[in-house]
Amino acid sequence: MFANFMERGECIMVYDYEYFKKAMYDLTKIDLDAYKEKQMKRRIDTLISKHKYKGYQDYIAAIKVDKELMDEFLGYMTINVSEFYRDPLQWQFLDKEVFPGLIKKFGKNLKIWSAACSTGDEPYSLVMALSKHLPLNNIRIYATDLDNQILEKAKVGLYAEKSLAGVPKDLKAKYFTKVGSSYRISDEIKKRVTFKQHNLLKDRYEVGYHLIVCRNVLIYFTEEAKDEVFTKYYKSLTSGGVLFIGSTEQIMNYKDIGYERKSSFFYEKP
């Protein structure tokens with residue numbers, strides 16, 4: 001009898017989460033099936049417990065009428081851990097090998113996409129790094145993220161000191177102003193970046209990019225979703241374009257997709 005009760009309880013919980021996924025997709029067009037279920041459920045369960053809701057159905061009912069709850073949920077499900085010049089050796093390779101090669105092939109007006117850009121550290125780093133090779137007026141970075149709330153923070157451009165640990169001293173002095181205990185990035189860097197909301201799993205990808213940067217985000221996706229996104233990036237790149245991924249990631253089937261590996265975290269479309 002107890003076993004039967006447990007089976008019924010498990011079925012109810014499974015149904016409850018399935019209901020939540022469908023309801024969230026109807027609200028946001030975010031497909032939670034593309035995320036690792038164990039990690040995603042743990043995040044959602046934390047929020048449900050925090051606000052003392054009885055379960056997924058009560059929580060989704062509250063989200064539908066409470067914008068702050070929705071924003072909090074999106075903040076939890078998107079990964080917003082970021083910093084300037086994260087993994088310095090990779091940025092050195094970008095500076096010494098990738099940028100010069102792209103400029104030689106495509107000229108000064110490079111089309112660059114910073115995908116899942118979080119709080120803006122990465123696209124702003126790209127502008128500063130590229131400014132060593134090109135005038136600022138020639139630089140344009142397209143930066144996207146799923147979370148509108150985090151994009152608003154990126155547009156403000158205010159950062160804790162620890163986020164700037166990897167910024168070269170000359171660039172920190174040139175492009176940041178201390179405001180209390182934080183640092184504000186200069187308007188001349190900010191205006192080189194265009195921010196826009198974008199869902200990697202559902203929205204259309206533009207084409208013709210010379211460089212796509214997407215780092216330490218897809219590790220939270222299922223293998224099927226990763227393959228889908230890496231394939232879309234390939235199609236989005238122009239021939240000779242480069243994909244730059246994070247140190248926690250690898251493209252196991254990069255040859256099958258069509259990439260050639262330039263270095264551990266850089267893949268080129270022939």
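Search the whole structure and you find zero disulfides, counting as a disulfide any pair of cysteine sulfur atoms within 2.5 Å. Keep in mind that this is a predicted model, where local features need pLDDT of at least 70, side-chain atom pairs count only at pLDDT 80 or more, and totals for chains, interfaces and linings use all residues. Residues are numbered from 1 along each chain as its sequence is written, and side-chain values use heavy atoms, with hydrogens and water left out.

So what about Cys-117? Cys-117 is in no disulfide, and the nearest cysteine sulfur, that of Cys-214, is 10 Å away. Seen from the other end, the closest cysteine sulfur to that of Cys-214 is in Cys-117, and 10 Å is too far for a bond. Cys-117 is buried at 1% relative accessibility, and Cys-214 is buried too, with a relative accessible area of 2%. Here buried means under 20% relative accessible area, exposed means over 50%, and partly exposed is in between (1.4 Å probe, protein chains only).

Now turn to the helices α5 (residues 88-106) and α6 (residues 121-130), whose axes come within 11 Å and cross at roughly 65°. That makes α5 roughly perpendicular to α6, since 65 to 115 degrees counts as roughly perpendicular, under 35 as roughly parallel, over 145 as roughly antiparallel and the rest as oblique. The axes are lines fitted to C-alpha atoms, for helices over the stretch in contact, with angles running from 0 to 180 degrees between N-to-C directions. Helices (H or I, at least four residues) and strands (E, at least two) are DSSP runs, numbered from the N terminus.

Who makes the contact (heavy atoms within 4.5 Å)? On the α5 side it's Trp-91, Leu-94, Asp-95, Phe-99 and Ile-103, and on the α6 side Glu-122, Ser-125, Leu-126, Ala-129 and Leu-130.

Two residues have a positive phi without being glycine. Asp-87, with a phi of about 65°, is found in the loop between α4 (67-77) and α5, and is partly exposed at 23% relative accessible area. Ala-116 has a phi of about 55° and is found in the loop between β1 (112-114) and α6; with a relative accessible area of 19%, Ala-116 is buried.

Last stop: Thr-177, in strand β4 (residues 176-179). Thr-177 is partly exposed, at 41% relative accessible area. Leaving aside neighbours within four places in sequence, Thr-177 is in contact with Ser-182, Tyr-183 and Arg-184.

Note on methods:
Contact means heavy atoms within 4.5 Å.
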